[in-house]
Amino acid sequence: MGLHILILNGPNLNWLGRREPGIYGSTSWPEIQAELEEYAAARGVTITCRQSNHEGVLIDILQEGADVFDAVVLNAGGLTHTSVALRDCVAALPVPVVEVHLSNVYAREEFRHRSLLAPVVAGQISGFGPLSYRLGLEAAIALAEKRKRR
Ligand code: DQA
């Protein structure tokens, strides 16, 4: 069976393209998603893309997907820096999670330098704009393949 990967976006990422374009660029999420779908199809991988502005909904999506997906690419937005509950959920997941950010969070305000997720994810990709998602997907595919071979 082929790999199935969840790409999950948190608060405000539905506004990509119109949201602080100087920081996040002018590409909308549907455009990024279309590119990711094309890339995934070429790699023989299925992706599901979800977004919520609500912490609890993100946790529900992750819990419900725990036995469905082989890996997760997660951009938790601002919750990256604040959410113990999301971190606890990620820590409990049986599948690898790759943390991604469009912006380089370490080149921005100090409150973005701390990710509560970083210690419980497989790794982090930050600063490459929309490319962060493709790099994150590539990492997720590699981790999921490795896990399946075990
Ligand atoms: C972000 C960085 C976060 O600090 C911010 O709150 C976001 C987006 C990024 O993709 O660069 O909402 O996760």
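Guide: Let's get the cysteines out of the way. A disulfide here is a pair of cysteine sulfur atoms within 2.5 Å. By that rule, the count is zero disulfides. Cys49 is in none, its nearest cysteine sulfur being that of Cys89, 18 Å away; seen from Cys89, that 18 Å is too far for a bond. Cys49 is buried, with a relative accessible area of 19%, and Cys89 is buried as well, at 8% (buried means under 20% relative accessible area, exposed over 50%, partly exposed in between, with a 1.4 Å probe and protein chains only).

Some ground rules: this is a predicted model, where local features need pLDDT of at least 70, side-chain atom pairs count only at pLDDT 80 or more, and totals for chains, interfaces and linings use all residues. Residues are numbered from 1 along each chain as its sequence is written, and side-chain values use heavy atoms, with hydrogens and water left out.

Now the ligand. Around it sit Arg19, Tyr24, Asn75, Gly77, Gly78, His81, His101, Leu102, Ser103, Val105 and Arg112, each with a heavy atom within 4 Å of it. Sorted by class, that shell has three nonpolar, six polar and two charged residues, with Gly counted as polar.

As for polar contacts (pairs of N or O atoms within 3.5 Å), the side chain of Asn75 puts an N or O atom 2.8 Å from a ligand oxygen. His101 has a polar side-chain atom 2.8 Å from an oxygen of the ligand, while Gly78 uses a polar backbone atom, 3.0 Å from a ligand oxygen. The protein covers 98% of the 320 Å² of accessible area that the ligand has on its own, by the Shrake-Rupley method with a 1.4 Å probe.

Key. Polar contact = N/O pair within 3.5 Å; in protein donor to acceptor, adjacent residues only side chain to side chain.
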